[in-house]
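Work through the exercises below with the sequence and coordinates open. Try each task before reading its solution.

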Amino acid sequence: MTRARRSDNALTRLVRRPGAVVALVFLALLTFAVIFADVVAPIDPLTQDLARARELPSAAHWLGTDGFGRDIYSRLIHGGGSTLGGALLAAVVAMTIGIPLGMLGGYFRGWVDTVVSRFADVFQALPTIVILMAVIGAFGNNNTVAMVALGVAMCEGFIRLARAMTLQVRRELYVDAASVAGITSGSILVRHVFPNIRGPLLVQLSITAGAALLIQAGLGFLGLGTPPPAPSWGGMIDEASDLIYLHPWLLVPTGAIMILSILSFNVLGDALASDRPGGVLAGVRLPWMKPLPVAEQPVAMSELVPADPKAVVSVRDLTVSFTDRNSTFAVVQNVSFDVMPGEALGIVGESGCGKSVTAKALLGLIAPGGKITGGQVTINGTDVVGLSNRELRKVRGTTIALVSQEPMVALDPTFTIGAQLRESIAHHTGRKGRELNDRALELLRLVGMPDPAQAAASYTFQVSGGMAQRAAIALALTGEPDVLVADEPTTALDVTVQAEILDLLRSLRKDLGLAVIIVTHDLGVIADLCDRAVVMYAGQVIEQGAVDTLLTTPTHPYTRALLASMPSHAIPGLPLDAIPGAVPAPRDWPEGCRFAPRCAFATDACRSAPVPILAQHGGLSRCIRVDEVLAQSRNRTEERNIA
Ligand SMILES: Nc1ncnc2c1ncn2[C@@H]1O[C@H](COP(=O)(O)OP(=O)(O)OP(=O)(O)O)[C@@H](O)[C@H]1O
């Protein structure tokens, strides 16, 4: 899609908002008039004619004359330059200082954040008018210097907003994936963070411009702005206010143009920010954003996974895409698998392979900008693709629930664990009163809390990471789901606690007949807990099968490489195998086999065309050199036995 086409879309979205169009036209006309003031308002704004002072509008003077007989229309247009220009200058200065500082603080946190936050605190604590008085005292009535100082004083709003939004965006998986892929922090901030926060920053820009306009006029009113007799809106309001009782009309034109300008800035800002993530400008590519190719079409996989009516989760040809600036690109393609009641299925692969997006798609929790663009996801017989949020909420928690990597994401630190459990139990089951408490304690006991009553009375920050994860699992169980999706549930925990949480998931499967889908990059976790595994690479399933077979005789070089890089597979005396290179980003997926650039088995045939997934050696494998892979695995096993 070309840039022009995207810009048209932005324009179309703007045109759908009549208020925004009126505001845009008003500001455009005003700017035009101010720039070409000599043509638009040819009467000299300084020429006095005391005989015609304080006249009402007439053909000669469209908006009347002021106390010195000067043409009000002409003074408004000529005075707009210093007022509007000054306000815009202040807003741009505030934005230029505030956005980078806020983004740096939010992204790097630590001491950078402390310095940035204290800097913002200083400007919040100092009254703007005091700063302006000091600057005017030092530099005299210089409008440009005063507006630059105003911009510096107003940068605090941008700092706080940019910081808060960057803190939020930096938690997104795609930011983590970008940094894991070795992209520099500067690039991540410009290409991944800024496009996602620009909407609210545009609102802030318009609000700041409006506020600066008001302050600029206020300075003129106090006699501290553009020195008379040069026209300025603030100065004109000051002059008109002296005659407000005798000649109220004098205040009307300047007051009206100021109100209309400030309103227009705000209406335009709202329109730019709302409508969809990224605002009206969503999808518009800024010059430094590289165009992204549209991903190749998926190759069907569903025929290889025969439908099983008993499956509690059934995924068929699932494709998830994101719209990112200039294109829509798939991040997960053509994924198919089933999960039986009580079964544990592992989804494994390196960072950025599409595991989390696949798992979250099952719950309808894809991040903004992404959606399911193909395939079906059936949970307990209900096709959840295309369900509204309201309908999805009925499925989430009661049929399928999520346990995330970070328990603190699921638990609110301002409530006790017991309060959160009781609230969720009441929501899902309609239980009341004592029953709520009993069930909360029962769940805490079920997840292995040594003292359920004490755990219920604790806040999350009062318990260890392992206990918090147990509480998060209890919370996920409040709706009595059939399937638990556990996204890297042990990654944030230390090794002994990891084993305990895996034990817990195993016992929940046994005791409750719960199906578990576990997302992990650790084949050890798969070996420990799962019956079957789906190995993902660059958005595709590259191998799928029973864990016993997959871990002993992997058919895909990627699975084999993942296994070989496990510390437990190290051969004494030989260096631990590492997979060279990194998972390609969705926009950089190779034409042929996506693993080929990192694969020791790759030939020209692997690189020339997409490789379909095929049923081979008891499982599914997306490799055309399975026989060679198996042969070399046998040799390696012999080496290990000898060692
Ligand atoms: N909100 C998003 N916008 C754009 N791309 C995204 C977004 N979320 C994820 N992606 C991309 O989708 C791909 C798959 O991401 P996903 O988080 O599913 O990987 P993963 O295998 O689960 O990795 P990890 O183990 O780090 O969570 C990555 O290339 C990532 O950059």
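**Exercise 1. Which residues does UniProt list for "transmembrane region", and what is the helix content over residues 84-107?**

Step 1. The unreviewed UniProt entry lists residues 21-43, 84-107, 119-139, 145-162, 201-224 and 244-268. UniProt positions follow the numbering used here, feature names are shortened, and annotations may be inferred rather than shown by experiment. Residues are numbered from 1 along each chain as its sequence is written.

Step 2. This is a predicted model: local features need pLDDT of at least 70, side-chain atom pairs count only at pLDDT 80 or more, and totals for chains, interfaces and linings use all residues.

Step 3. Residues 84-107 are 100% helix and 0% strand, with 34 Å between the end C-alpha atoms. Residues 119-139 are 90% helix and 0% strand, and their end C-alpha atoms lie 24 Å apart. Helices (H or I, at least four residues) and strands (E, at least two) are DSSP runs, numbered from the N terminus.

**Exercise 2. At what angle do α5 and α7 pack?**

Step 1. Helix α5 (residues 110-125) meets helix α7 (residues 143-169) at about 140 degrees, with axes 8 Å apart. Axes are lines fitted to C-alpha atoms, for helices over the stretch in contact; angles run from 0 to 180 degrees between N-to-C directions.

Step 2. Classify. Under 35 degrees is roughly parallel, over 145 roughly antiparallel, 65 to 115 roughly perpendicular, and the rest oblique. The pair is therefore oblique.

Step 3. Assign the hand. The crossing is left-handed: the near helix is turned anticlockwise from the far one by less than a right angle, whereas clockwise would be right-handed.

Step 4. List the contact. α5 supplies V116, A120, F123 and Q124; α7 supplies A153, C155, E156, I159, R160 and R163.

**Exercise 3. In what order do the four strands of the open sheet lie?**

Step 1. The order is β2-β1-β4-β5, with antiparallel pairing. Two strands pair if DSSP finds at least two bridges between them.

Step 2. β2 (327-339) and β5 are the edges; each has a single partner strand, so one side of each lacks a neighbour in the sheet.

Step 3. Count bridges. β1 and β2 share nine; S321 is partnered by A330 in β2. β1 (residues 313-324) and β4 (residues 370-379) share eight. There, S314 stands opposite T378. β4 and β5 (residues 382-383) share two, and T378 has D383 as its bridge partner in β5.

Step 4. Check the turn. The β4-β5 hairpin has two residues between the strands, and N380 takes a positive phi near 45 degrees.

Step 5. Place the helix. α12 (residues 355-362) lies across β1, β2 and β4, at about 115 degrees to β1.

Methods
Two residues are in contact if their C-beta atoms, placed from the backbone, lie within 7 Å.
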